[in-house]
Each structure stands twice: as structure tokens, then as C-alpha cells.
Amino acid sequence: MKREDLHKLKTALTIALPVILLGFAFSACEDNNSEAMSTGETTTVTLRVGTVADGPTITTRADDAYSQYEGIRTLRIIATIDTDGGREIIYNEKVKIGAQNTKEETVTIPDMPIGERVTFYAIANEESLGMTYTNDVIQGDLTSVGNSRKILFIDESTPHKFPKFNNEIAASGLPMTSRLEATIAEGASLTLPMARSVVKFLLTVENGTGADITLTNAQFGPFSGDRFYLFREVNLDVPDDTKYDVFGYSNQEGVTIPAAGTNVVLAAYIYPTFAFSAGTDNPYTLALTTKANNYGALVFAPGVNSFTRNTQVNITARITTEVGIQIDFRVAGWDSYTVDVPPFE
């Protein structure tokens, strides 16, 4: 297909999408087809979405009961090219619809212009945000940040889409995004590693007493935000005007932690957070309530001001007869970590 014919088939929307750095080693095609650039020919591009070359897939190993819901359900691919006026969307389709919850997907994208520099954007599980990212929606959600334009998501629903707890993610999964820029060669095959747009907090309670404990409530401090940028530009990409609130989980029947035993009692998913600044109280707190006692809020992350997307925060709270609660935490990459019970000195 000729380039001029392609333009007739595509919706031309000029936008200035951000330059996004996701911190991955991208695969890209070299510009080695100058003749094709002059002819205006197109090709079908194969995209492998989800798996990092020689590394872990986007789906967590089964370290807890909720990781089974953290894969790809639906997948949208957007392709843009540079124009004199900014960027033009030449492709925007939901290429996978379903609930297979897969680790990776291989899709083919037709009519990509050979020899041109194309930027591919992948959005997995947009339903988890209650969104459908059509061209019009993307244009409406663009916001100016410094010298760039970013797609801003603001969670205005009541209740908010996130935080979500435990198997509340079973229906729609988690939002994930990726970006890759490549010069298109004939029959190009590219890899897009995905990053989850949320932080996962995994709470394990250890019973250091001689009797069973029934946990009825876990309450976190005010660090769950209401917005984030859809595609990450820097490691910590939290909008300055983010509003934060407390969040928690209640279970009147309670979760039993056996004497001298442990129980993974909570997985909580929130947007990336930068809730602590100098001169303010540390919001990264945790309070627990059992049927026998109410343990007040304790800071679990002293000296920490933020948590970035696509990381997992493993928190272990040890309840003892003598001390009350001791809390330890570890921040790890979501896909490559070992869950253990931290030692208490």
C-alpha cells in the first residue's frame, strides 16, 4: 500500500505526545532501507508485548494468591509518526479482547510505513481504569507538563477505581503501559516490555504470641493518590496536584493468624505515590485491629518519600505479647523477588 493511500485510511490527529523513558532496553529496527523511504511502501509489523528479552515476564510468579490476576486481559496498540505539526496517530486499535490473563501477547499491526520512525504505545487492561482510549479521549486527556504533553489519568469516580484489594482485580486486571520507538523495516518484529501503572503492597502478619489472632482491619495512612501519567517519562512520575487519602481493608469475620504462624492477609494496589515532603508527618503508616486489640498507626517506611509504579512493597507486621507490633518492609521489583519473612532484631 502506498503512503498516500495509508493517510486516507487513518484518522489524522496531530498531538504532541511525551518523550517517554521506561527504563528498559528496547529492541528496534535499524534504518537500513533508504530506498523504501522514498517509495512510500508499508509493511506488517509483529509486536511481542509483555516479555523482556532474556528476563521475567510481566506476570508475577505465584508468590501470593492474587498474582494470578495480574496478566493481560485486553490490549490496545497505538502508533504515531512525527509530522510538522507534532505527532499523528496512524493506528489505534484494541487488538486483544478477552480475559485470558496471559503473560505475553504477539500481535500484528498492518500498514506501517517502511523507513519511517514510528512510536508504538501499548495499553493493557484499560477497563481497569474505566477507560477506552480512542483518539478523541487521548486528545482530551493531554496536559502540558513543562515542555512536553502527557496523557493524564484522573480518577474521578466514586468510589475510585484504585486502590483495589486482594481479588478485586480479578475482573479487569491492572493497568499496564509501554512505549517503543523504531524505524520500520520490511517485516519488522519488535518487543514491548510492559510496566504496571500501580504499586503493589503485600501485607504479611506474623503471630508472635502463643494464641491464635483474628485480624479484622488493616488501615494505611493518606498516601493513595487520585491521578498519574499514563506513560512514564521519568522514574517517579506523580503529578504535583495529586490528592491523597487513607485506604484500608476491613473484614468483620476476620482473618486468622495461627499461634507462631504467618498469613498473607492483604494485597493492595494503588497509583504511584509521592505523598511525603519535608516538614510534614510521614503518611506511610499502618494500623491493625484484631478482635482483642487495636494497634495504633506506625510508620512502616521511615525516610521514604515515594513509591514508584511497577514495584512491590512487602510489609511484614509482627504482633507480640511483649512489644505489640513491629513492622518491617522491603521494596522489590514486581517480577524478580523472593518473598520471605524479614527478621526482627
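**A tour from sheet to core to loop**

Start with the open sheet of five strands, ordered β9-β17-β13-β20-β21 with mixed pairing; strands are DSSP runs of E of at least two residues, numbered from the N terminus, and two of them pair if DSSP finds at least two bridges between them. At its edges are β9 (164-165) and β21 (324-333), each pairing on one side only. This is a predicted model, in which local features need pLDDT of at least 70 and side-chain atom pairs count only at pLDDT 80 or more, while totals for chains, interfaces and linings use all residues. Residues are numbered from 1 along each chain as its sequence is written, and side-chain values use heavy atoms, leaving out hydrogens and water.

Next, select β20 (residues 311-320), which pairs with β21 in the antiparallel sense over ten bridges. V313 stands opposite V331 in β21.

Now show F307. Beyond its neighbours within four places in sequence, F307 is in contact (heavy atoms within 4.5 Å) with residues including V313, F329 and V331.

F307 is also one of the residues that touch the most other members of the largest nonpolar core, which has 33 residues. Such a core is a set of buried Ala, Val, Leu, Ile, Met, Phe, Trp, Tyr and Cys residues joined through side-chain atoms within 4.5 Å; buried means under 20% relative accessible area (1.4 Å probe, protein chains only). β14 gives the most to this core, with five residues.

Finally, go to D226, in the loop between β14 (213-225) and β15 (227-229). D226 is buried, with a relative accessible area of 9%. Among the residues D226 touches are F153, H160 and Y271.

Definitions and conventions:
Helices (H or I, at least four residues) and strands (E, at least two) are DSSP runs, numbered from the N terminus. Buried means under 20% relative accessible area, exposed over 50%, partly exposed in between (1.4 Å probe, protein chains only).
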